[in-house]
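Dear colleague,

Please find the structure below, together with its sequence. My notes on it follow.

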Amino acid sequence: MRNIPIPVDTHRLRFTCVKAARPRVIDQDSGKIKTDKDGNKVYESVLLAEDELGRIELVKVGTSGEPPIAPGQDVVPTGMLGYVWEIPGNNGPRWGISYKAASIVPVSGRPSSGGGDA
C-alpha cells in the first residue's frame with residue numbers, strides 16, 4: 001500500500017487535550033522509543049476532535065518533540081496530516097488512519113500548569 005499523506009483541515013474542528021503527551025513506544029519488550037528522521041523523540045497525544053455538528057472522535061496525534069499541552073486544554077494542531085495504514089491478520093486485514101502534526105499548542109499560546117482553580 002502506498003502511503004500518501006492526507007492534509008487535515010483543522011480550522012473546522014475544535015480540539016481538546018484528553019491525555020498528556022507520552023513518548024511513542026515501538027517495541028514493548030525493549031522499551032524502544034520512536035524517533036523522527038532527525039533523531040527527535042516522537043510523542044503521542046490523545047485529543048478529542050469535535051466538528052461543527054457536535055460529532056466527536058478521539059484521535060492520537062504524533063509530534064516530533066513533546067508538545068506543551070495538558071489534559072483539559074483546548075489546543076490547536078498545526079500541519080496535521082493523516083496516513084492510512086493496513087496490516088494483514090487472520091480475520092482479514094486491519095486498517096486505520098494515523099495522524100501527525102508539525103506542532104500542537106494551547107489555544108492560549110501558553111502551556112497549562114495542569115492544576116485547576118477551586
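The backbone nitrogen of Leu53 lies 2.9 Å from a polar atom of the Asp51 side chain. This is a predicted model, in which local features need pLDDT of at least 70 and side-chain atom pairs count only at pLDDT 80 or more, while totals for chains, interfaces and linings use all residues. Residues are numbered from 1 along each chain as its sequence is written, and side-chain values use heavy atoms, with hydrogens and water left out.

Asp51 sits in the loop between strand E5 (42-50) and strand E6 (56-64); strands are DSSP runs (E, at least two residues), numbered from the N terminus. Asp51 is buried, its relative accessible area being 18% (buried means under 20%, exposed over 50%, partly exposed in between, with a 1.4 Å probe and protein chains only). Leaving aside neighbours within four places in sequence, Asp51 is in contact (heavy atoms within 4.5 Å) with Arg12 and Leu13.

**The nonpolar core**

The largest nonpolar core has eleven residues, including Phe15, Cys17, Leu47, Ile69 and Ile104. Such a core is a set of buried Ala, Val, Leu, Ile, Met, Phe, Trp, Tyr and Cys residues joined through side-chain atoms within 4.5 Å. Strand E2 (14-23), E5 and E6 are the elements that give two or more residues to this core. Not counting residues up to four places away in sequence, Ile69 touches Cys17, Ser45, Leu47, Val75, Ile104, Val105 and Pro106.

**Val76**

Val76 belongs to strand E7 (residues 74-78) and is partly exposed, with a relative accessible area of 34%.

With kind regards

Notes: Helix = DSSP H or I, 4+ residues; strand = E, 2+ residues; numbered from the N terminus. Polar contact = N/O pair within 3.5 Å; in protein donor to acceptor, adjacent residues only side chain to side chain.
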